[in-house]
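Here are my notes for someone opening this one for the first time. Have the sequence and the 3D view side by side as you go through the points.

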Amino acid sequence: MRVTVFTEPHRGASYDDQLRFAQTVEACGFEGYFRADHYQSMGTDPGLPGPTDAWLTLAALARETSRIRLGTLVTSATFRLPGPLAVMVAQADQMSGGRIELGIGTGWYEREHSAYGIPFPPLAERFDRLEEQLAVITGLWSTPRGEKFSYDGHYYPVADSPALPKPVQAPRPPILIGGMGRKRTPQLTARYADEFNLPFASAADSAVQFDRVRAACAEIGRDPAQLCWSNALVLCCGRDDAEV
């Protein structure tokens, strides 16, 4: 079992707060530091001092740490175009010496989209876009140097891309997909993911969803043992009751 720390900086954390935390995580021997990718706190909490961008933060942390894995749990596919996201993640992977992981999902929090002018299509379209993003990102990373990548996508067509830069990790940074979706989430996991994660789920619900993912792997002839299986759990900590 590997234990990483997951944080939600949109609830109120500056970059300096995250830097101190990530360096403490590394000093304490944890596997990694993962953070949510949100631009607004939930409910009425303003989340002061305000949001920090996940990939800008992780790239900076990559230069201030030396061992821990760094990633998103999870990036919203609505926030960034797949080509630029592939460049960002590859560059962060270079900056970290090969310690980056890409967690990615459909996006779900409509209020943060309207608050920052980000389109928020219906759920079916968000899954379609996520599938195309996964195809483009993995295609760009897997294209050999010196060759071009093209993709006939409905939302994200790509023509003659040089498919650069390349990440340090080979064949690519690990891709994490998660959630309780009954059909498309398991299918996309089986096809593209290296890790499957369930956020804040009970043991019983986890078992049911893990079985769905295993069945999706069987449908395409993939060994489920190739996947890492994980859960996000809640632990609150602080120096005193007020800080907690």
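1. Let's start at Val-5: it is buried, with a relative accessible area of 13% (buried means under 20%, exposed over 50%, partly exposed in between, using a 1.4 Å probe and protein chains only). Val-5 is found in strand β1. Val-5 and Val-74 are 69 residues apart in sequence, and their C-alpha atoms lie 13 Å apart in space.

2. A word on ground rules: this is a predicted model, so local features need pLDDT of at least 70 and side-chain atom pairs count only at pLDDT 80 or more, while totals for chains, interfaces and linings use all residues. Residues are numbered from 1 along each chain as its sequence is written, and side-chain values use heavy atoms, with hydrogens and water left out.

3. Now the strands around Val-5's neighbourhood in the chain. Strand β1 (residues 5-7) pairs with β2 in the parallel sense over three bridges; two strands pair if DSSP finds at least two bridges between them. Helices (H or I, at least four residues) and strands (E, at least two) are DSSP runs, numbered from the N terminus. Look for Thr-7, which sits opposite Arg-35 in β2. Between β1 and β2 the chain passes through helix α1 (residues 15-27), and this β-α-β crossover is right-handed (with the strands pointing away from the viewer, the path from the first strand over the helix to the second runs clockwise).

4. Which residues of β2 are buried on each side? Gly-32 and Phe-34 are buried on one side, and Tyr-33 and Arg-35 on the other, so both faces of strand β2 (residues 32-35) are covered. In a regular strand, side chains alternate between the two faces of the sheet.

5. β2 also pairs with strand β3 (residues 69-72), in the parallel sense over four bridges. Arg-35 has Thr-72 as its bridge partner in β3. The way from β2 to β3 goes through helix α2 (residues 54-64), and this β-α-β crossover is right-handed too.

6. Further along, strands β6 (residues 149-151) and β7 (residues 158-161) run antiparallel and are joined by two bridges. Phe-149 stands opposite Ser-161 in β7, and a hairpin of six residues links β6 to β7.

7. Next, the largest pocket, with a volume of about 1,700 Å³. On a 1 Å grid over the protein atoms alone, a pocket is an open set of points where a 1.4 Å probe fits, with protein on both sides within 12 Å along at least five of seven lines, and lining residues have an atom within 4 Å of a point. Its lining has 44 residues, and Val-5, Phe-6, Thr-7, Phe-21 and Leu-235 lie nearest the centre. The largest share, six residues, comes from α1. By class, the lining has 24 nonpolar, nine polar and 11 charged residues.

8. The second largest pocket has a volume of about 560 Å³. Of its 28 lining residues, Leu-73, Val-74, Trp-108, Gly-178 and Pro-199 are the closest to its centre. This lining divides into 13 nonpolar, 11 polar and four charged residues.

9. Last, the record: an unreviewed UniProt entry carries the annotation "domain: Luciferase-like" over residues 7-243, and such annotations may be inferred rather than shown by experiment. Over residues 7-243 the chain is 38% helix and 16% strand, with the end C-alpha atoms 15 Å apart.

Notes: Grid points are joined across faces, edges and corners, and a volume is the space filled by probe spheres set on the points. Ala, Val, Leu, Ile, Met, Phe, Trp, Tyr, Cys and Pro count as nonpolar, Asp, Glu, Lys and Arg as charged, and the others, Gly among them, as polar.
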